[in-house]
Amino acid sequence: MVQSLNLKALASLTSIIRRPYLVSPHVFVKTISDIDYRKLRDECGIRGVIFDKDNTLTAPYETTTHLNASIGLRNAISVFGIDQVAILSNSAGTKDDPNYEDAVKIERDMGINVIRHDEKKPGGLDEVMKHFEDSVIEPYQLCMIGDRLLTDIVFGNLYGMLTIHCLPLCTGKDNARDNKIASLIRPVENGALYGNWFGGRIVRNKTIPHKIWAGEESCEIVLSKQAKNVNDSDKMKSN
């Protein structure tokens, strides 16, 4: 599938220039398998989990869960239930997906719902809230997890969700099918946020607080010591 230009992301650049801290996630992990989903539910007020797909759950444009994400997805579904876990992709389930064929295939192969939405991230809130309407009253009760700062994390932060940023699952030759624009922009956005320069440090220090989760010091949602010990240079290894 060829992704069309993400006009919503371009339009949001004005907001990001005014409020650059929108790109700063609450938590960083290597993969989604490093997250304590039970604490998300029991101590952070989270009632639903939204995953990006490509390079968060799967290799780009694949419909099988990547080995490094399989435990995380299984744990999320076990804790929250299948109806409270969903994919919000900027390819499958959008107007770039004729008759939602890719969305249907993902749901069949991966056993997880794909939210249909006309507006790409960081748009799409109305469709997300409708999907979770039986359990979620306010966006802060949702957790957005993905590998892209300018789409996944900005989307979550715009609406007060808990945001978790992960490294892309695939790099080098394994990432050959990645969206070309994403593969070019990802290292720039990661470098700008996590780079050892005053601008990145200022933005990280102004991360938007979540309404319930008070921080890793009071409620650790990163599981392993290895996952916690990720330095900023590792975070910039995005291709």
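Q: Which backbone oxygen does the side chain of His210 reach, and what makes this a polar contact?
A: The His210 side chain gets to 2.8 Å from the backbone oxygen of Tyr140. A polar contact is a pair of N or O atoms within 3.5 Å; within protein, one must be able to donate a hydrogen and the other to accept it, and residues adjacent in sequence count only if both atoms are side-chain atoms. So 2.8 Å falls within the cut-off. Before going on, note that this is a predicted model, where local features need pLDDT of at least 70, side-chain atom pairs count only at pLDDT 80 or more, and totals for chains, interfaces and linings use all residues. Residues are numbered from 1 along each chain as its sequence is written, and side-chain values use heavy atoms, with hydrogens and water left out.

Q: Which backbone nitrogens does the side chain of His210 reach?
A: One is that of Trp213, at 3.0 Å, and another is that of Ile212, at 3.1 Å.

Q: Why is His210 called buried?
A: Buried means under 20% relative accessible area, exposed over 50%, and partly exposed in between (1.4 Å probe, protein chains only). His210 comes in at 6%, so it counts as buried. His210 is in the loop between helix H8 (198-205) and helix H9 (225-228); helices (H or I, at least four residues) and strands (E, at least two) are DSSP runs, numbered from the N terminus.

Q: What is His210 in contact with, leaving aside its neighbours within four places in sequence?
A: Contact means heavy atoms within 4.5 Å, and the list is His26, Cys44, Ile46, Tyr140, Gly160, Met161 and Leu162. Leu162 lies 48 residues away along the chain, yet its C-alpha atom is 6.1 Å from that of His210.

Q: Why are strand E1 and strand E4 said to stand at the edges?
A: The open sheet has 6 strands in the order E1-E6-E5-E2-E3-E4, with parallel pairing. Strand E1 (27-29) and strand E4 (113-114) each have a single partner, so one side of each lacks a neighbour in the sheet.

Q: How do you know that strand E5 and strand E6 pair?
A: Two strands pair if DSSP finds at least two bridges between them. E5 (residues 142-146) and E6 (residues 162-166) are joined by 4 bridges, so they qualify. In one of these, Ile145 partners Ile164. Helix H6 (residues 149-158) packs on the sheet, touching strand E2 (48-51), E5 and E6.

Q: What caps the N-terminal end of H7?
A: Asn179 does: a side-chain oxygen sits 3.1 Å from the backbone nitrogen of Ile181.

Q: What makes a set of residues a nonpolar core?
A: The members are buried Ala, Val, Leu, Ile, Met, Phe, Trp, Tyr and Cys residues joined through side-chain atoms within 4.5 Å. The largest such core has 36 residues, and Ile32, Tyr37, Leu40, Phe51, Ile145 and Ile221 touch the most other members. H3 gives the most to this core, with 5 residues. A second, separate core has 13 residues, including Ile50, Ile115, Val128 and Phe155.

Q: What is omega for the cis peptide bond that joins Lys121 and Pro122?
A: Omega is about 15 degrees there, and Pro122 lies in the loop between E4 and helix H5 (125-131).

Technical notes. Axes are lines fitted to C-alpha atoms, for helices over the stretch in contact, and angles run from 0 to 180 degrees between N-to-C directions.
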